[in-house]
Amino acid sequence: MSEETAAPGDETIALQLRAGLRRLGKAVVMITAFHDERRWAMTATAVSELSMDPPSLLICVNRSASMFEGLTAGQANFAVNILHAGQIDIANAGAGATKGEGRFAVGSWKAHPCGTPWLEGAQASFLCRYERHIEYGTHAVVIGRVTEARTAGDVDPLIYVDGGYTRVERKAQG
């Protein structure tokens, strides 16, 4: 069976998968890049550490995303900016509330010397050099080698779960 062909029952499994994944809380990030003399940004949760040796992350990007071409062309560095719980407005801007350069109207954005935007005040920002990507179904898994990492503030990430934003509530240990 090819990646593009749905098997009988796949629609049902996809709905069940979606319902199950609503229970998986994930940190919200803004993925940013500089490609073709333009800044690109999108909100995402499909991000994960891949390896510490070499230090690397993977991001999953829908083929319909405006920055898909730039990320998969193999020429752009990209950044993964983990949002703070107070940065919901930035998450909304990158999730479709605005398009193009308008996604940078909220927040304090700086440019790395290579041009890649990073978010000042993010929980963490990782500059990644494109290594490779794998296309699968509706998405591409893009692998980037981390070349710089920055952290700021207390640990208080913005979390997405069950279709909405929340924050982690820490319990006292003991």
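User: Let's start with E135. Is that residue buried, exposed or partly exposed?
Analyst: E135 is partly exposed, because its relative accessible area is 32%. Keep in mind that this is a predicted model.

User: What does the side chain of E135 meet?
Analyst: R63. The two side chains form a salt bridge, at 2.9 Å from N to O. This pair links distant parts of the chain, 72 residues apart. E135 is in strand 9 (residues 124–136). R63 is in the loop between strand 5 (55–62) and helix 2.

User: How many salt bridges does the structure hold?
Analyst: The structure holds 8. In general, side chains of opposite charge can pair when their charged atoms come close.

User: Give me another one. What does E101 pair with?
Analyst: E101 meets R39 in a salt bridge, at 2.1 Å from N to O. Again the pair links distant parts of the chain, 62 residues apart. E101 is in the loop between helix 3 (88–97) and strand 7 (108–111). R39 is in strand 3 (residues 38–44).

User: How accessible are E101 and R39?
Analyst: E101 has 44% relative accessibility, so it counts as partly exposed. R39 is at 25%, so R39 counts as partly exposed too.

User: Back to strand 9. Which residue forms a salt bridge with E131?
Analyst: R145 does, with the closest N and O atoms 3.8 Å apart. E131 is in strand 9, and R145 is in strand 10 (residues 139–151). They are 14 residues apart.

User: Which residues are joined into one network there?
Analyst: R129, E131 and R145, through salt bridges that share partners. R145 is partly exposed, because its relative accessible area is 30%. E131 also has 30%, so it is partly exposed.

User: New topic: nonpolar patches. Which residues form one on the surface?
Analyst: L17, L21 and L24 do. Together they have about 280 Å² of accessible area.

User: Where is L24?
Analyst: In the loop between helix 1 (10–21) and strand 1 (26–27). L24 counts as partly exposed, because its relative accessibility is 45%.

User: Now the backbone. Which peptide bond is cis?
Analyst: The bond from D53 to P54 is cis, with omega near 5°. P54 is in the loop between strand 4 (47–52) and strand 5. Most peptide bonds are trans, and most residues other than glycine have a negative phi.

User: On phi, then: what is the value for D36?
Analyst: Near 55°, a positive value in a residue other than glycine. D36 is in the loop between strand 2 (29–35) and strand 3. D36 counts as exposed, because its relative accessibility is 60%.

User: And what about phi of D162?
Analyst: Phi of D162 is positive as well, near 50°. D162 is in the loop between strand 11 (158–161) and strand 12 (164–167). At 51% relative accessibility, D162 counts as exposed, because the cut-off is over 50%.

User: Where is confidence lowest, and where is it highest?
Analyst: Confidence is lowest in helix 2 (residues 68–72), at a mean of 89. Strand 6 (residues 78–82) has the highest, at 98.

Technical notes: Residues numbered from 1 in each chain as written. Predicted model: local features only at pLDDT ≥ 70, side-chain atom pairs only at ≥ 80, totals over all residues. Heavy atoms only, no water. Patch = residues over 30% accessible without salt bridge, like charges linked within 9 Å, V, L, I, M, F, W, Y side chains within 5 Å. Areas by Shrake-Rupley, 256 points an atom, 1.4 Å probe, with all protein chains shown as cover. Salt bridge = Lys/Arg side-chain N within 4 Å of Asp/Glu carboxyl O. Helix = DSSP H or I, 4+ residues; strand = E, 2+ residues; numbered from the N terminus. Buried < 20%, exposed > 50% of the residue type's maximum accessible area, 1.4 Å probe, protein only. pLDDT = per-residue confidence, 0-100.
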